[in-house]
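Reader: I would like a close look at one part of this model, the aromatic pairs and what surrounds them. Please give the cut-offs as you go.

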Amino acid sequence: MATSLLRIPPPQGLLRPLAVPERLLLGPGPSNVPPRILAAGSRQLLGHMHPEVLQVMDEIKAGIQYAFQTQNRLTLAISGTGHCAMEAALLNLLEHGDPAMVAVNGIWGQRAADIARRLGADVHELLKPPGEYFTLWDVEEGLVRHKPLVLFITHGESSTGVLQPLEGLGELCHRHGCLLLVDAVASLGGAPIFMDQQEIDVLYSGSQKVLNAPPGSAPISFSERAREKMLRRKTQPPSFYLDMGWLANYWGCDGEARRYHHTAPINSFFSLREGLAMLAELGLENSWERHRANCAQLCQGLRDLGLELFVKEEKARLPTITAVSVPEGYDWKEITAFLMDNHSIEIAGGLGPSVGKVLRIGLMGCNSTSSNVDSVLRALQDALRRCRRSRL
């Protein structure tokens, strides 16, 4: 009798086996997941409060502390992507009316400013054109003028390929009574960052870039300065799910007995643990050098093809994601589609303020190899020849 009430049939697509093509992901992320991490993610589930899972979480904390170069006790992984970590950082630090300054030279500054405004913060934007970075003088001028409690800045601006210098920023912010919040989603493991030495107050990243794990977990760490500001809040954080007080307890960061907060993505944690383990086995300095060398090879190859690098200063180029100006007379969509259709290689167009202006090529983690550089350069050479022909 009950079946006669059904009006929606089973979807035909779900009655067919899952089919996933093999592609080389050389865009700005996610990057390909190596077999070791795939195997970790396919392990049988355990309960989110089982001691074995809590042990994995402790190992993840230690791995993040190594990757970030920090001794901060409030270090954990958010159950969400890098966007989720951005929201967690901002909503735990900021209250309604708090002055905040956001350095905007690409999409991630734009997103951070949007989130901070939704929280009711008094947001001031520090602006630079896409492809440029902020100097200490730029930042100090903004600190003096706006007197923010928090400065947001992006270390690896994946929409434009800019690597933001961090030396001196933390000390400068603290001299002006401001906390330093840094987005390292695209740069962690690919470019040097020293959270404690550089006096960064909040640092976060994502699992799907250099760490080569599937998206869905996001390392984050808070300094004692940042933790104290959160303890002095007059109001509760507006999100229960991202309340750092609850998360600190679940992750064993507060010295109290761990309590249930949410059902964590256990298999994502298994994958993240292995991604951090592979980084630890390789060593940060070796990882930084590998990304630097392969980026240099890629940049030279792009120049040899007659292409123009979008970021002019070599020191300001993000080693994990290289942006190249779309050559005159070409449609970026045709180039990216050609690489996908004919070479099964993903590269990306621009994002946010760089849409239509650049092509972005990512070399992250295990994908950062000399052979992948050669593969994408050959594919681009083919695309430039064939796409040009199609216009004649």
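Author: The count comes to 3 aromatic pairs, where rings of Phe, Tyr and Trp (its six-membered ring) pair if their centres lie within 6.5 Å. Planes under 30 degrees apart count as stacked, over 60 as edge-to-face and the rest as tilted. One of the pairs joins F194 and W288, which are edge-to-face at 5.4 Å centre to centre with 75° between the planes. F194 lies in the loop between β8 (179-183) and β9, and W288 in helix α10 (residues 284-304), so this pair ties together parts that are 94 residues apart in sequence. Helices (H or I, at least four residues) and strands (E, at least two) are DSSP runs, numbered from the N terminus.

The model is predicted: local features need pLDDT of at least 70, side-chain atom pairs count only at pLDDT 80 or more, and totals for chains, interfaces and linings use all residues. Residues are numbered from 1 along each chain as its sequence is written, and side-chain values use heavy atoms, with hydrogens and water left out.

F194 is partly exposed, with a relative accessible area of 24%, whereas W288 is buried at 10%. Buried means under 20% relative accessible area, exposed over 50%, and partly exposed in between (1.4 Å probe, protein chains only).

Another ring, that of W246, has the charged end of R259 over it, 5.4 Å from its centre. The rule asks for NZ of Lys or CZ of Arg within 6 Å of the ring centre and within 35 degrees of the ring normal.
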